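I opened my notebook today to look up a few spots in this model. Here is what I wrote down, entry by entry.

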Amino acid sequence: MTSSSKFVPEIGRRTLLAGAGSAALLAVTGAARAQDPVSGELVVLNWLGGSELEMMHAIHKAFLAKYPNVTIREVAITGQGDMRGGIRTALMGGEVVDVLFNTWPAFRKELADAGMLRPIDDQWKSFGWDKLVSQSWKDLGSIGDKTYGLTYTFGDRSGIWYKKEHLAKAGIAEPPKTWDEFVASFAKLTNAGYAAPIAIPGKYWAHAEWFETLLLRTAGVETAAKLGAHEIPWTDPAVKTALTKYAEMLTSGCCGAPNTMLANDWDGEADQVFQANAKNYLLIGMWMNNRAKNDYKLVEGKDYGLFQFPSLGMGHDDTSSVDAKELLVTTNGPNPKAADAFLDFWTSAEAANILAKAGYASPSSNVDASLYGEAQKVATQAVASSKLQFVLGDLLPGDLVDEYRVQLQKFLQDPSTANIDTVLAAIETKAQGSY
């Protein structure tokens with residue numbers, strides 16, 4: 001099965017189905033146009049899709065313009081849900097790549113422990129990334145005293161997307177700031193004719209977003225970090241409090257029937273909000289900005305917006321969940337010089353501004369922040385002013401994260417106190433054998 005995503009001339013793509021061995025090759029080669037010390041084929045493993053893939057290809061094209069003696073062959077992993085399985089299949093099946101895109105700290109550690117990743121501390125100094133990217137982002141990409149990942153974008157995962165005309169139709173003057181205001185808005189939106197106020201994408205992983213921010217807002221970043229490292233059990237009272245708050249939302253008429261919640265991934269629920277005008281709020285990452293602009297052709301700040309998760313008044317409203325995407329280089333990649341130049345290019349003003357125009361934040365100080373729209377400014381300010389915790393699901397070992405998501409699907413179907421205890425006990429049982 002091949003991806004339907006558009007690919008850029010001068011970039012060859014090999015597409016692999018996530019979790020399967022079938023593959024097809026689309027090869028396009030670019031002729032060298034000038035002498036350059038960086039040359040040869042650069043093999044990039046990628047799992048991005050849609051308008052995000054188009055953004056990535058725009059950066060690839062700009063890189064090739066700077067390094068005309070380089071060609072890019074893209075190994076593209078396609079599928080649904082968590083893409084780590086597809087990446088494992090490709091690498092264990094013998095694919096040799098120079099660079100791969102990653103968003104899971106736990107997966108980075110898995111690859112580093114297997115000896116598959118090359119540290120980039122020397123490159124950090126020689127390319128001057130320390131002058132462009134803050135120490136906090138370097139720390140995020142590190143394991144122990146070695147740096148492996150170069151973050152190229154980051155996102156607020158505690159921001160709620162909405163369509164402005166929906167709130168206006170329901171007589172809601174501005175996005176709710178407190179939890180009580182948020183819950184009270186459900187009835188107003190329902191009375192205005194919308195099918196469900198909140199879009200819950202429960203098919204694969206995105207239903208966990210609400211729990212993860214509620215854990216931060218009820219118990220703080222320290223508790224979330226301890227849970228991610230299994231320094232406290234999943235049956236801890238703090239974890240139950242967060243899930244109980246999630247249940248309060250579910251029983252307040254937020255989300256429709258469980259079978260509708262389990263039917264869609266995040267993109268299908270985004271369609272329900274921004275195209276079908278059937279639902280109103282969507283808690284999802286900053287890639288939504290790119291989709292709204294480029295797929296739905298909506299105007300950021302005029303047609304849609306983003307507001308930060310409502311305050312709960314439990315002492316932790318200064319917290320936010322964040323994610324990041326990074327570039328990793330492999331130990332066996334045949335073209336390390338081109339790989340290093342590729343990473344460096346993503347810190348350049350040209351690449352950073354392509355990201356900004358597409359609705360993504362760049363950690364590089366080369367970015368022109370005036371290119372950010374209203375939603376991105378809200379998100380960037382939230383990240384800058386919050387105590388941050390990386391997305392919990394991306395910190396968990398692979399076998400545990402699968403159980404975690406399945407059990408939260410069972411919670412969506414029955415958010416009773418008794419089932420909360422059953423769900424958390426099941427996750428804890430799995431966790432005991434996962435570390």
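**Entry 1: salt bridges**

I began with Arg 217, which forms a salt bridge with Asp 317, the closest N and O atoms being 3.7 Å apart. I count a salt bridge when a side-chain nitrogen of Lys or Arg is within 4 Å of a carboxyl oxygen of Asp or Glu. The pair links distant parts of the chain, with Arg 217 in helix H8 and Asp 317 in the loop between strand E12 (304-308) and E13, 100 residues apart. Helices (H or I, at least four residues) and strands (E, at least two) are DSSP runs, numbered from the N terminus.

A note on the source: this is a predicted model, in which local features need pLDDT of at least 70 and side-chain atom pairs count only at pLDDT 80 or more, while totals for chains, interfaces and linings use all residues. Residues are numbered from 1 along each chain as its sequence is written, and side-chain values use heavy atoms, with hydrogens and water left out.

Next I checked burial, where buried means under 20% relative accessible area, exposed over 50% and partly exposed in between (1.4 Å probe, protein chains only). Arg 217 has a relative accessible area of 2%, so I noted it as buried. Asp 317 has 28% relative accessibility and therefore counts as partly exposed.

How many salt bridges does the structure hold? I found 20. In one of them, Arg 157 pairs with Glu 209, and the closest N and O atoms are 2.7 Å apart. Arg 157 sits in the loop between strand E8 (150-156) and strand E9 (159-163), and Glu 209 in helix H8 (residues 208-228), so this pair too links distant parts of the chain, 52 residues apart. Both Arg 157 and Glu 209 are buried.

I also looked at Arg 291 and Asp 271, a salt bridge whose closest N and O atoms are 3.2 Å apart. Arg 291 belongs to helix H12 (residues 287-294) and Asp 271 to helix H11 (residues 266-274), 20 residues apart. Arg 291 is buried at 16% relative accessibility, whereas Asp 271 is partly exposed at 22%. Elsewhere, I noted a network of salt bridges linking Asp 82, Arg 84 and Arg 405.

Asp 121 is in helix H4 (residues 121-126). Not counting residues up to four places away in sequence, Asp 121 touches Lys 138, Asp 145, Lys 146 and Thr 147. Contact here means heavy atoms within 4.5 Å.

Thr 319 is in strand E13 (residues 319-329). Its relative accessibility is 1%, so I put Thr 319 down as buried. With residues up to four places away in sequence not counted, Thr 319 touches Leu 216, Arg 217, Val 221, Ser 386 and Lys 387.

Tyr 372 lies in the loop between helix H14 (349-357) and helix H15 (374-385). At 9% relative accessibility, Tyr 372 also counts as buried. Neighbours within four places in sequence aside, the contacts of Tyr 372 include Ala 356, Tyr 360, Val 367 and Thr 380.

**Entry 2: helices**

Is helix H13 (residues 336-345) largely enclosed or open? I found 8 of its 10 residues buried, so H13 is largely enclosed by the rest of the structure. Among the buried ones are Asp 340, Phe 342 and Asp 344.

I then turned to helix H7 (residues 179-191) and helix H9 (residues 237-250), which pack at an angle of about 30° with their axes 10 Å apart. The contact is made by Trp 179, Phe 182 and Phe 186 of H7 and Lys 245, Glu 248 and Met 249 of H9.

**Entry 3: positive phi**

Most residues other than glycine have a negative phi. Asn 277 is not a glycine, yet has a positive phi of about 55°. I placed Asn 277 in the loop between H11 and strand E11 (279-283), where it is partly exposed at 29% relative accessibility. Lys 297 has a positive phi near 60°. Lys 297 lies in the loop between H12 and E12, and at 63% relative accessibility it counts as exposed.

Key. Axes are lines fitted to C-alpha atoms, for helices over the stretch in contact, and angles run from 0 to 180 degrees between N-to-C directions.
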